[in-house]
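This report takes up residue contacts, nonpolar cores, a helix pair and strand pairing, in that order.

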Amino acid sequence: MNLKKVKIKNFRGYGQNQESDDNSYIFENLDQGLVVLNGFNGFGKTSFYEAIEWCLTDNISRLHALRERGLYDANTLKRSSYLKFISPVDTVRDREQRTAEVELEFDNGVRVRRTTSSNFLSVTERDRYESSLHVHQDGDWQSFVCKSEDRLLPAEPTWEVQLTRIFLGSYDSGWKEQLFKAHFLSQEGMNDFLRSSTAGDRRSILIRLLNLIPLEQIFDKSKVIKDSTRLSNKINQLTTSIETAVTQRYQIDDIFRARNWGTFEEYLSNIKESYSLLIELIKQSSAYAEELNLQEWELPDAITLNNSSAVLQKLSMKKELILAKQQRTNQQSIQIGKSMQPLERLIRFEERLIIHKRWERLNDLANLNLSADLVRSKDLQETKSSLETQKSTIQVKKSQLNQWSHVNSLVWRHTIDEQSASIVDDYWVIYSDLRRDYSAFLKTFSSEIADLGFERALPADITEKRTSYNDQIKTRSFLQSQVQTKNGVLNVLSGMNTEYSRVLDEVKSYILKNQDSIDKCPVCLTESFPEIHVGGIATADSPIPDQLIAIIGHTLSLGDQKLKDVSDEITGLHTDLAALSKVIREQFVTPLIDMMHHLQSDFRELHQRVTQFIDERVLAITQEQQAIQTQLKVLTDRLDKDKLQYEILTGKDDFGLGNEKKQVLAVLEEVSKEIKFWEEEMITSGLVDFEPSIERVIEEMDSLKTQIEGIGSFQDQLNKLEQDSSAKKEEIQKIVPVIDLIDRLLGYMPGEHEQKLLEDYVSLTGSMENYQENLDQLIRYKNDTNTINGIALDTLQRVVTEQLENNKMVNWIYKLVYPHPHYKEIRMNGDRNGINVKDITGNVILDHLFSSAQLNILALSIFLGLGLTQKFSNWDQLFLDDPIQSMDDIKILSFIDVLRAISDSNFRKRSLIISTHDDNFAKLLAIKYRNKSLTQYNFIGYGSQGPLIQRV
């Protein structure tokens, strides 16, 4: 397949071609045997190749290498607008509206088109770079969106799979480098292939050209594993772990024998049996079982070395809980005995205290001014409501401020131009709208503005000024049309005068040659001429030839005078236009700019002041609301508390009706009578032998509370205390065997050193079988990898040697161009380190010896030789960007002979696309290919929209 057409628009050095229907630069007939792009450097030849690469790969390898080599960082590349074309006359909007487009059309019907609006290529996955790809094949279009973040996806993009199938037949993750290394030789790529690439890199590139990629992948993967220290380290680690586990087992066996724990199995069995018995003993004591939460005591499904220490450690902590419980039970039993004393006195004293507290609360209520608090609460509520109304009104005003947030807009700047003295119609609309908004703002916030004392008059209306401006513009348009008309007349007169002068000169020459035979005008056949036509040079009596020559001279002088008159008129019109533009600028443009500035400035300042005034007012109201709310909360809380006390103490629900104090005093009197009755009863019954004032009662209660605990009647409390005492003694008896069994279990707990040995041993033995199995597998894996790597290397060396050493096509091109007097043949051979290019003896590595010019020829020979013979790609074209750089004239002629020989050989199917900066080289190619298939494009200049291209 061959590329036959390329269309480029707004890509790098290519802008918009005004000579094509779709504004694209179109390169056609690229499927000829030889295509030549000729032009000076910087005119777009390299961008032509980069357009093809970007369209197919969404990348430009030359620019990508700038970051890979550390020449530019990612941020610098993203700030450079290098992907889309930028014209010096473009505005920001023009640049944003440009879309880079490249379309490739192949002779088998395949078409590939890529577009983007991005200014730079993707550098990282967060660049938000995006391009659209459209592929036409078998009559159908497929579209894809390519984004920066696609590189994060685990699978290859679908569009890459589609293109590799077209060009390579099947998918290969390295298809981009593989395809373009085989078909494109850039200016940088010539020297870099030999001098900047390592022997290993060269082998990788050449192996791809020889279609030996699977074999290279086997070698590379096996070598990475073979040279990796991770595999050896893992084997050593597993071996050390196994040896450590064996040593620790011997140490643990010695400890178990010394502690009389038996074997591992006996040790674990004894722990499990004793622990199960312990659970049963705890269950027999219901009080302990409930408090100790038996669910936390449950054993794991199996007691192992891995968890036995944790079980015993947990049991040690549980023992502390049981001992603490035992101690508390003893203390409780003692306390019960002390509490069984005369409770009746304490109960009666509590009755007196309850009555007294009720009397105090009633007395406090009687002394409160409840009516004043209720009135104050109502006033605060009304103030709060008023403030909320004020704040709501101001908030509405504040939200209205957003309607005028556009006062800072500078969109009007593009509507007026001082230099050209022109005003777009949008200016008058913008000014009128802003003036109208200003007027509405003054009305809406008139009260706030008055409070501020910041009065402003409404700006002047510009309707009359617009009318005057339009009149001046009409005058200017008329003058401009007059200039255009006069220029047309001048052009017509100039053309007519030139042609007429030529005809009259021919007539005059004819007359002079044939004077003797002329007796009338040879043009109109007139025999007599009026005196006005003859002028003062000849008279009516003069010979006919003299009269005719005089008429011709007079006519020519009249034509020149007309041209001068028209030119003077145009000069006068230009003078009038300049004067009129100055008037428009001084009377309209400059004043209107100042008026807009003043209007915006006044509007902005007033808007800011009103905003600040409203914000300050809202803040003041908010602060006042907070103060009112604080007072209201304090008062409401106090009233709620008073209401609750009133309802509890009086049993009434009429709080707030005005008779609260009367009700409180009535209840207070009843409580006072109840106190007096209690005192009399206590003295009469002999329960006290002192005057039972409240102070003395409280003193006696405090004394009794140190001896008595509990509630209820004396008999009930006494019965309860006796039951509790019996239960506590029973609990103490049941817990003794539990503690003994716990002590026996704790005898199985290892010490700190022993515990460390057990943990290390368990951590190793838990995976011992896997360790040994993994060790055996890794050793086999290492041996197999070494074997595979050796076989792959030997096979690579043998295959590369067979296909590259003494390559006839490479040597034929190299010898024909003849870069060196001694090293006339080359050989490429491979070793363990990669591919080197040597002389025929194999003793000299040529890239260590050759100059840059000689290396370019050597790289060119290898590229053409292998590119012509490669079979992995379906693409039958080779692209060479300025291949004759640094060549002298002899080698250029030899290179042309190589190209002609390729065209005449069995490789004529492989067409070549070559760019050059050397005009002589391009002309010589055209001569040499005059009877062959050739397409040539000359880049003859560079304009504001890109290169000026001429197809030869």
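Leaving aside residues up to four places away in sequence, W875 touches M1, L3, I52, L56, F106, F167, L179, H183, F184, Q870 and R910, where contact means heavy atoms within 4.5 Å. The model is predicted, so that local features need pLDDT of at least 70 and side-chain atom pairs count only at pLDDT 80 or more, whereas totals for chains, interfaces and linings use all residues. Residues are numbered from 1 along each chain as its sequence is written, and side-chain values use heavy atoms, with hydrogens and water left out.

W875 is also, with F27, F48, I52 and F167, among the residues that touch the most other members of the largest nonpolar core, which has 52 residues. Such a core is a set of buried Ala, Val, Leu, Ile, Met, Phe, Trp, Tyr and Cys residues joined through side-chain atoms within 4.5 Å, buried being under 20% relative accessible area with a 1.4 Å probe, protein chains only. Helix α1 (residues 45-57) supplies the largest share of this core, seven residues; helices are DSSP runs of H or I with at least four residues, and strands are E runs of at least two, numbered from the N terminus.

## Strand pairing

Strand β15 (residues 934-943) pairs with strand β3 (residues 34-39) in the parallel sense over six bridges, and G39 has F939 as its bridge partner in β15; pairing requires at least two DSSP bridges between the strands. With strand β16 (residues 946-951), β15 pairs in the antiparallel sense over six bridges, and a hairpin joins β15 to β16 through two residues.

Definitions and conventions
Buried means under 20% relative accessible area, exposed over 50%, partly exposed in between (1.4 Å probe, protein chains only).
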